[in-house]
Amino acid sequence: MGKFVLTCCSTADLSKEYFERRQIPVIFFHFELDGVSYLDDCGESVPPEELFRRMDAGASTHTSQVSVGEYAEFWRKLLKEGKDVLHVTLSSGISGSCQSAMIAKEDLAKEFPDRKICVVDSLGASSGYGLLVDALADMRDEGKSIDEVYEWAEKNKLRMHHWFFSTDLTYYIRGGRVSKGAGLVGQMLNICPLLNMDNLGRLIPREKIRGKKKVMLRTLEKMKEHAQGGTDYSGKCFMCQSMCQEDAAQLAEMIEKEFPKLNGKVEIYPIGATIGSHTGPGTISIFFWGDERVD
């Protein structure tokens, strides 16, 4: 293992078992459910099924990012052990957590002048951010230095593609991504918006597609269009979903059929509480390595 610690936030939306197996310490975001505060701790406090069931029944949610002080406390334990730290944050395009991490880094530099902290703005979210972390963990395990891994991350992070679609517009309307009028019409017409992350790490609506089957096929087309090597893509594919496991499994099967050289099976994870509080139930996302995102 490389001589540094790779860390990330819970918004990478991977499982507790995954983080433990890959030896990646995680710092948790926060959320409220009907006014009660919880940690976004990989579903330990509130399992995904309970979160989305309650949201579907009308429960209110609110999220908050990791503070400067929390980052400092999280890293201080590792720095005291004589370890350098490479941390990957949720996209600065949708959260201020990267800025908080950078401030904590500068504060700790004075306290630990002989230690190194590198912060990578993933420009990604959910299990796409997680797939970037996965690649960095592989490099760490190969014995790459913290500088080598950091430089690779900065050079390649825009090759991580994120494509999202939702079969329920309720939370897109509540969050202001879709106007109330357009949302009501969209629900009547069974419109499923297709979105992705742009080169600034922002979630951007790209197409309005009528029907779940058609949006799943269009998502598959986007992977064919952008994946490294097209249908010869030999990297990993992660997915995440919120209360639509069967649909996600169906799309995963479609991907595995069209991309026979995939590195393993498609891995499907639940959308975590922070991201899920904004998407609500009915969202599916796919993540893969491809050409560089330019808009």
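The following paragraphs go through a predicted model, from its sheet to its nonpolar core and then to some single residues.

Six strands form an open sheet with mixed pairing, in the order 10-9-8-13-11-12. Its edges are strand 10 (203-210) and strand 12 (267-270). Each of these two has a single partner strand, so one side of each has no neighbour in the sheet. On average, neighbouring strands are turned by 20 degrees against each other, direction ignored.

Within this sheet, strand 8 (residues 160-166) and strand 9 (residues 191-197) run antiparallel and are joined by three bridges. Phenylalanine 165 has leucine 194 of strand 9 opposite it. Helix 5 packs on the sheet, where it touches strand 8, strand 11 (237-241), strand 12 and strand 13 (283-289). The direction of helix 5 makes about 25 degrees with that of strand 13.

In soluble globular proteins, nonpolar side chains tend to be buried together. The largest nonpolar core here has 90 residues, and Trp75, Met223 and Ile255 touch the most other members. Helix 5 (residues 126-141) gives the most to this core, with eight residues. Leaving aside residues up to four places away in sequence, methionine 223 touches Tyr233, Cys237, Ile255, Phe259, Leu262, Ile286 and Phe288.

Aspartate 247 belongs to helix 10 (residues 245-258). Its relative accessible area is 17%, and the limit for buried is under 20%, so aspartate 247 counts as buried. Apart from residues up to four places away in sequence, aspartate 247 touches Lys212, Met216 and Ile284.

The last topic is the aromatic rings. Seven aromatic pairs are found in a search of the whole structure. A pair of aromatic rings is described by the distance of the centres and the angle of the planes. For tryptophan 152 and tryptophan 289, the ring centres are 5.6 Å apart and the planes stand at 65 degrees. Planes over 60 degrees apart count as edge-to-face, which is therefore the description of this pair. Tryptophan 152 lies in helix 6 (residues 146-156) and tryptophan 289 in strand 13, so the pair ties together parts that are 137 residues apart in sequence. Tryptophan 152 is partly exposed, at 26% relative accessibility, whereas tryptophan 289 is buried, at 9%.

Notes:
Residues are numbered from 1 along each chain as its sequence is written. This is a predicted model: local features need pLDDT of at least 70, side-chain atom pairs count only at pLDDT 80 or more; totals for chains, interfaces and linings use all residues. Side-chain values use heavy atoms; hydrogens and water are left out. A nonpolar core is a set of buried Ala, Val, Leu, Ile, Met, Phe, Trp, Tyr and Cys residues joined through side-chain atoms within 4.5 Å. Buried means under 20% relative accessible area, exposed over 50%, partly exposed in between (1.4 Å probe, protein chains only). Helices (H or I, at least four residues) and strands (E, at least two) are DSSP runs, numbered from the N terminus. Contact means heavy atoms within 4.5 Å. Two strands pair if DSSP finds at least two bridges between them. Axes are lines fitted to C-alpha atoms, for helices over the stretch in contact, and angles run from 0 to 180 degrees between N-to-C directions. Rings of Phe, Tyr and Trp (its six-membered ring) pair if their centres lie within 6.5 Å; planes under 30 degrees apart count as stacked, over 60 as edge-to-face and the rest as tilted.
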